[in-house]
Amino acid sequence: MAILDAIVAGVGDPTNGTLRDFSAECLADFLRWSIKQTSEKLQEKNPFNTKSLFKRLYSLAKHPNTFKRLGFAITMKKLYRVFREEKDLVDQFVFELLENLFVALRLAEEDSEAIGSVQIIEDVCRALGKVIIA
């Protein structure tokens, strides 16, 4: 969990964009690894690692710091490709994810356009909408 906390901290780094991108990729790898290491039954009943990851990401989504929300947005964009392939995870988390994306979007209205957090969040919301419809 300490490693996960460190990676999440890297995702919200206010000065190093490369670290944010690398940390987001590491979190996507963490989700891939967690899925591979968890049986289908356990994944359906209690995906502990996924819950733990999303809980940390939700705190970034609601954070007043622009770069923490940007880190959340970048991470969700990377996680989306892994997430959409896992029906059990989609069933459990898609609306929770959308709720937190909407909160982040509302908070990001005040962010500078140059940062791009609003655009990334909107892209992820559209992608999750397609998953719901499919």
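Helices α5 and α7 run roughly parallel to each other, because their axes cross at roughly 25° and angles under 35 degrees count as roughly parallel, over 145 as roughly antiparallel, 65 to 115 as roughly perpendicular and the rest as oblique. This is a predicted model, in which local features need pLDDT of at least 70 and side-chain atom pairs count only at pLDDT 80 or more, while totals for chains, interfaces and linings use all residues. Residues are numbered from 1 along each chain as its sequence is written, and side-chain values use heavy atoms, with hydrogens and water left out.

Let's stay with this pair for a moment. Helix α5 covers residues 66-83 and helix α7 residues 117-133, and their axes come within 9 Å. Axes here are lines fitted to C-alpha atoms, for helices over the stretch in contact, with angles running from 0 to 180 degrees between N-to-C directions. Helices are DSSP runs (H or I, at least four residues) and strands are too (E, at least two), numbered from the N terminus. The crossing of α5 past α7 is left-handed, meaning that the near helix is turned anticlockwise from the far one by less than a right angle; clockwise would be right-handed.

On the α5 side, the residues in contact (heavy atoms within 4.5 Å) include Leu 70, Ile 74 and Phe 83, and they meet α7 residues including Ile 120, Val 124 and Val 131. By class, this contact has 12 nonpolar, 1 polar and 2 charged residues. Ala, Val, Leu, Ile, Met, Phe, Trp, Tyr, Cys and Pro count as nonpolar, Asp, Glu, Lys and Arg as charged, and the others, Gly among them, as polar.

Now turn to the other partner of α7. The axis of helix α6 (residues 87-108) comes within 10 Å of that of α7 and crosses it at roughly 155°, which makes α6 roughly antiparallel to α7. This crossing is left-handed as well. Among the residues that make the contact are Val 94, Leu 98 and Phe 102 of α6, and Ile 121, Cys 125 and Leu 128 of α7. The classes here are 17 nonpolar, 1 polar and 1 charged.

Finally, step back to the whole chain. It has 7 helices and 0 strands. The radius of gyration, taken over C-alpha atoms, is 14 Å, close to the 14 Å from the globule rule for 134 residues, so the chain is as compact as a globular protein of that length. That rule is 2.2 Å times the number of residues to the power 0.38.
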